[in-house]
Amino acid sequence: MRTSIVLFTCDLRLSDHPPLRAALDGGGRVVPLFVRDPAVDAACFAAPNRRAFLADCLRDLDARLRERGGRLVLREGDTVTQVCRVAAETDTDEVHMADDVSAFAHARERRLRRALEAAGRRLYVHDTVSTAVAPGSVTPAASDHFAVFTPYFRRWSEQGLRDVWEAPRAITVPEEVGSVMLPERGQVSETSPGLCRGGETEGRRRLTAWLRSGLDSYEERHDDLAGDATSKLSPHLHFGTLSPVEAVRRARRAGGPGADAFVRQIAWRDFNRQVLAARPDAAARDYRTHGDNWRVGKSVEADVEAWREGLTGYPVVDAAMRQLRHEGWMHNRGRLLVASFLTKTLYVDWRVGARHFLDLLVDGDLANNQLNWQWMAGTGTDTRPNRVFNPVTQGKRYDPDGDYVRRWVEELACVQGGAVHEPWKLPAQERSKTGYPEPIVSLAEGLERFKRARGRS
Ligand code: FAD
């Protein structure tokens with residue numbers, strides 16, 4: 001009987017899964033395979049929050065496969081070696097997997113193709129698994145990718161999306177193929193206490209709940225820091241426990257301004273992926289350099305430490321950094337503010353911030369993280385690279401009653417209303433009782449330094 005392998009990577013679902021559908025279309029047996037590859041961990045993906053979320057995803061995937069008569073096969077080691085080994089054990093002709101955008105993923109795909117072909121087998125790589133519109137499928141006239149979002153979004157919106165496919169009803173997995181034990185979330189230490197749950201079942205539940213009760217108000221509330229009114233689907237989109245094609249189609253079906261705004265954010269995700277696919281070096285190097293001579297040295301280390309710990313003396317920055325540590329997730333407005341503060345007010349290299357985010361974010365994603373950091377640092381695709389966010393005015397605007405700050409900065413829990421954004425204006429005695437730190441830098445000083453550095457003063 002014909003046997004195919006479906007190699008899961010960042011597409012940990014059964015619904016709307018083109019590689020699985022293609023494997024099943026041919027009839028016969030399917031090996032649903034996931035390889036825990038130490039090289040993936042070494043390429044900075046071993047963060048505890050993502051490992052715990054991944055454990056949930058693998059267990060859920062296995063449970064959903066078992067409901068259909070199958071099971072997940074888990075192997076450990078080099079991906080290429082393991083896939084070739086399973087292919088030989090099961091006499092497989094073809095391997096199906098999703099495309100991916102990083103330099104690591106491209107190299108893995110090339111090696112795998114070569115190794116399989118040398119053994120007379122074939123690799124099929126499917127697009128629109130991890131994106132709604134495939135990277136490289138829309139391009140401007142004179143380039144291999146869009147460098148500006150607005151024209152990209154125009155073209156992206158004109159693309160017809162493929163159909164959404166239901167999860168298969170039955171899967172036959174060859175009995176002889178062995179698997180190592182699936183990991184458990186509880187085995188991972190040093191995770192954030194408020195970490196969310198992973199897995200396709202949870203991702204689908206969240207999407208349905210979001211479309212029912214969050215989408216309508218998304219347009220007016222997505223920047224409301226305290227309201228927490230965004231979808232929180234980012235880890236599911238990152239691990240592929242949710243299909244972006246399905247998310248876009250279902251949101252469009254629901255309709256309205258909330259749906260339009262939400263779909264636009266998913267297009268931002270596709271935008272960043274098409275940039276990274278075309279320029280994989282943008283994960284580590286400036287996409288558009290300004291020749292920045294970022295600050296280094298002992299005093300900078302102290303500033304960065306204060307930033308990491310949420311002790312900068314700027315309440316909204318500190319609230320967001322503490323949310324990151326507690327949940328392994330941060331509101332998008334918070335991400336913008338803390339990234340602006342690090343790269344522009346403190347004038348610290350964006351890679352320092354991106355690294356810290358990847359250490360903690362459950363949705364930590366090379367394309368979205370590095371390119372959003374570059375956007376905020378002004379070395380990326382922002383058409384206004386020197387914009388600086390003022391954390392006080394931004395705090396008052398997006399957290400007018402101060403609830404977000406009070407939720408995360410317990411020293412300031414007793415300060416009423418929006419006054420929480422300017423603790424330095426409190427009477428001296430009241431202020432000293434809070435124990436909250438003084439600002440580590442004056443905003444005017446930070447701004448001057450940044451302007452000088454970018455040759456704008
Ligand atoms: P929603 O507002 O509900 O949006 C829906 C989906 O659209 C998100 O799940 C996400 O997949 C996508 N999306 C939303 N905003 C953006 C954006 N600005 N850019 C690209 N895609 C977007 N997102 C990640 O998924 N992983 C990261 O590692 C990451 N790092 C970031 C670092 C910085 C400095 C900044 C400014 C943003 C970063 N983002 C990252 C983008 C964004 O902050 C998150 O996707 C969003 O906050 C996730 O929350 P949500 O699912 O509730 O988003």
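Okay, hi everyone. Some ground rules before we look. Residues are numbered from 1 along each chain as its sequence is written, and side-chain values use heavy atoms, with hydrogens and water left out. Because this is a predicted model, local features need pLDDT of at least 70 and side-chain atom pairs count only at pLDDT 80 or more, while totals for chains, interfaces and linings use all residues.

Let's start with charges. Side chains of opposite charge can pair when their charged atoms come close. A salt bridge here is a side-chain nitrogen of Lys or Arg within 4 Å of a carboxyl oxygen of Asp or Glu.

Next, R325 and E309, with the closest N and O atoms 3.3 Å apart. This pair links distant parts of the chain, 16 residues apart: R325 sits in helix α13 (residues 315–327) and E309 in helix α12 (residues 298–309). By helix I mean a DSSP run of H or I with at least four residues, numbered from the N terminus. R325 is partly exposed at 34%, and E309 is partly exposed at 33%.

Then there's R351 with D349, closest N and O atoms 3.0 Å apart. R351 is partly exposed at 29%, but D349 counts as buried, at 18%. And salt bridges can join up: R197, E202, R205 and R206 are linked in a network.

Now for the helices. Which helix packs with α15 (residues 350–360)? That's α16 (residues 366–377), at an angle of about 145° with the axes 10 Å apart. Axes are lines fitted to C-alpha atoms over the stretch in contact, and angles run from 0 to 180 degrees between N-to-C directions.

Who touches whom? Contact means heavy atoms within 4.5 Å. On α15 we have W350, G353, A354, F357 and L358, and on α16 there's L366, N369, Q370, W373, Q374 and A377.

That's it from me, thanks!

Methods:
Helix = DSSP H or I, 4+ residues; strand = E, 2+ residues; numbered from the N terminus. Buried < 20%, exposed > 50% of the residue type's maximum accessible area, 1.4 Å probe, protein only.
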